[in-house]
Amino acid sequence: MQSNGAGQGQDSELSCLNSAQNGESSSAGGTHSNGLLASTNIGNSVGTNNGAGPGSGTSAASTASGSGLEVGSMKKKKRLSQADEDVIRLIGQHLHGLGLNQTVDLLMQESGCRLEHTSATKFRNHVMEGEWDKAENDLNELRALMHSPNAIVRMKFLLLQQKYLEYLEDGKVLEALQVLRGELTPLKYNTDRIHVLSGYLMCSHAEDLRAKAEWEGKGTNSRCRLLDKLQTYLPPSVMLPPRRLQTLLRQAVELQRDRCLYHNTKLDSSLDSVSLLLDHVCSRSATHSGKQFPCYTQQILTEHCNEVWFCKFSNDGTKLATGSKDTTVIIWQVDPESHQLKLLRTLEGHAYGVSYLAWSPDDAYLIACGPDDCSELWLWNIQTGELRTKMSQSHEDSLTSVAWNPDGKRFVTGGQRGQFYQCDLDGNLLDSWEGVRVQCLWCLGDGRTVLASDTHQRIRGYNFEDLTDRNIVQEDHPIMSFTVSKNGRLALLNVATQGVHLWDLQDRVLVRKYQGVTQGFYTIHSCFGGHNEDFIASGSEDHKVYIWHRRSELPIAELTGHTRTVNCVSWNPAIPGLMASASDDGTVRVWGPAPFLDTQEADGVNENCSNMDS
């Protein structure tokens with residue numbers, strides 16, 4: 001986790017020093033014995049005195065002597081390891097950011113370490129005070145300590161850019177022009193940026209300059225940001241990267257969350273929302289932070305009177321559509337507060353039954369398809385509940401799958417008898433592809449490529465603009481269904497007798513085979529779900545719903561409750577803790593987090609969720 005040249009050994013001047021060395025004040029005025037400016041600003045370095053500098057009447061030397069530490073005893077102390085030195089410097093930097101400079105002084109004196117190189121301290125102070133000529137001179141001292149000679153030019157450019165902008169803000173146009181022509185231009189670096197900077201000469205006032213330059217203006221904040229950029233060019237042995245301890249802690253928290261199989265809430269990069277005293281742990285129990293994990297039956301929908309073949313949440317997560325062998329589609333409204341579902345309307349007349357549903361990108365329309373012998377497709381207006389289009393090209397057709405183009409104005413449909421069409425919202429045929437026996441369809445985000453699984457156990461990409469096609473996925477067994485992640489990179493396949501497979505569409509490689517599910521030759525639909533689509537869920541012929549973390553081949557949960565094959569699962573895209581499953585038992589189960597109970601009660605309530613924790 002080292003960066004900015006970390007891992008380079010410190011030279012003798014940067015290694016642990018005795019208290020006498022650390023007790024010396026920097027040549028820059030107003031500094032503490034740790035070499036840094038006094039600070040009352042919580043966060044970044046600032047250039048104000050907090051009473052521990054020379055102006056307070058208490059010198060750094062007197063602070064050192066007043067601590068009761070003797071130089072001789074410091075010399076006899078065992079030399080600290082490199083790791084210990086690094087930790088002390090990180091702690092010192094963090095304390096300095098909090099304005100606890102006297103504490104930093106004492107820490108450096110007692111440990112015999114230096115927070116940063118004296119040349120770096122001078123450089124920091126001169127930048128914060130806006131003494132640009134002195135800061136440029138400091139760069140010459142720092143040159144010998146840097147790994148890349150070119151870094152000096154980049155650092156000088158950043159310094160001069162700040163100097164130029166501050167002159168402009170102060171109305172010193174001639175001085176700014178001199179910096180532009182006599183200092184920035186001769187560097188022969190980033191000429192495009194110099195042209196942009198020259199345009200700022202036309203700004204009529206300071207507010208106009210700050211707006212056009214997207215700059216905070218002269219002062220502590222912009223200089224702190226400048227320092228953050230400058231520090232990236234210096235080895236950490238010379239000057240620590242800004243807020244390094246916070247960065248390391250944040251990385252640790254993010255890594256723990258990333259490895260947590262049940263984490264299903266939005267990743268918060270702030271350290272304020274977590275405890276650093278314990279490792280991050282989620283569980284399905286509502287008594288832990290994983291309370292967003294759907295493993296508890298919160299509702300059973302029994303309005304269908306025959307097998308339920310398909311279910312799909314709308315793109316905005318406010319509705320659920322379910323299709324059944326009973327010839328109806330039911331639209332359910334999701335309550336935004338309780339997440340309970342209630343029947344909104346029933347769409348009737350699908351004589352063959354409904355085996356596939358697809359929401360338009362804006363959720364205004366819903367397309368319903370039937371099973372293998374169905375030659376019709378229904379396009380419903382969800383707002384009005386009216387049938388906009390009933391499409392049938394030929395009675396010999398089999399229109400069993402459909403996918404919307406991202407523009408919401410076209411869709412593709414097809415079936416296993418060799419039909420593959422692109423149509424508009426009125427069902428008019430725009431294009432067709434002959435002889436493709438389609439099992440499942442998906443439109444990629446580029447608006448041109450359609451993925452289709454066919455009877456040759458493969459997924460091919462078809463381009464309706466230039467009429468080209470190519471092989472993307474090849475399996476050894478029939479692909480019963482597939483779905484694609486939001487970013488279009490991953491495909492989740494339900495493969496006959498094999499279960500659920502994850503493919504990388506870009507690299508065209510099989511990433512993972514998920515274990516546990518029972519998959520014969522029934523069509524079962526799986527899905528991605530949770531925040532960042534970290535989870536995968538699938539139905540199964542053994543009456544269960546299986547959930548995996550995307551990285552784990554073994555299921556992390558088996559949800560029980562259905563009494564026949566689970567045909568389809570859908571994870572709500574807007575509510576990470578809500579999932580629905582449709583089954584041949586005629587019910588739709590809505591899964592949510594377990595209610596907030598004490599641990600014993602929660603364990604009892606979760607009996608329908610088998611424990612697969614490792």
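Angles under 35 degrees count as roughly parallel, over 145 as roughly antiparallel, 65 to 115 as roughly perpendicular, and the rest as oblique.

What you see is a predicted model, in which local features need pLDDT of at least 70, side-chain atom pairs count only at pLDDT 80 or more, and totals for chains, interfaces and linings use all residues. Residues are numbered from 1 along each chain as its sequence is written, and side-chain values use heavy atoms, with hydrogens and water left out.

Helices first. Helices (H or I, at least four residues) and strands (E, at least two) are DSSP runs numbered from the N terminus. Axes are lines fitted to C-alpha atoms, for helices over the stretch in contact, and angles run from 0 to 180 degrees between N-to-C directions.

Helix α4, residues 82-97, packs with helix α5, residues 101-111, at about 165°, with the axes 8 Å apart. The two are therefore roughly antiparallel to each other. Their crossing is left-handed, meaning that the near helix is turned anticlockwise from the far one by less than a right angle; clockwise would be right-handed. On the α4 side the contact (heavy atoms within 4.5 Å) uses I88, I91, G92, L95 and H96, and on the α5 side N101, T103, V104, L107, M108 and S111. By class that contact has 6 nonpolar, 5 polar and no charged residues. For the classes, Ala, Val, Leu, Ile, Met, Phe, Trp, Tyr, Cys and Pro count as nonpolar, Asp, Glu, Lys and Arg as charged, and the others, Gly among them, as polar.

Next, helix α6, which has two partners here. Residues 118-129 form α6 and residues 132-143 form α7; the angle between them is about 160° and their axes are 8 Å apart. That makes α6 roughly antiparallel to α7. This crossing is left-handed. The contact includes F123 and V127 of α6, and W132 and L139 of α7. Its residues divide into 7 nonpolar, 2 polar and 4 charged.

With helix α12, residues 220-231, α6 packs at about 145°, the axes being 9 Å apart. Here the crossing is right-handed. F123, R124, V127, M128 and E129 of α6 meet residues of α12 that include R223, L227 and L230.

Now the pockets. On a 1 Å grid over the protein atoms alone, a pocket is an open set of points where a 1.4 Å probe fits, with protein on both sides within 12 Å along at least five of seven lines; lining residues have an atom within 4 Å of a point. Points are joined across faces, edges and corners, and a volume is the space filled by probe spheres set on them.

The largest pocket has a volume of about 1100 Å³. It has 47 lining residues, and K312, N315, W442, T483 and V484 are the closest to its centre. Elements giving two or more residues to this lining include β2 (308-313), β14 (438-443) and β18 (479-484). The lining has 26 nonpolar, 18 polar and 3 charged residues.

The second largest pocket holds about 510 Å³. Of its 22 lining residues, W309, S355, P371, Y522 and T523 are the closest to the centre. β14 gives the largest share of this lining, 3 residues. By class, the lining of the second largest pocket has 8 nonpolar, 10 polar and 4 charged residues.
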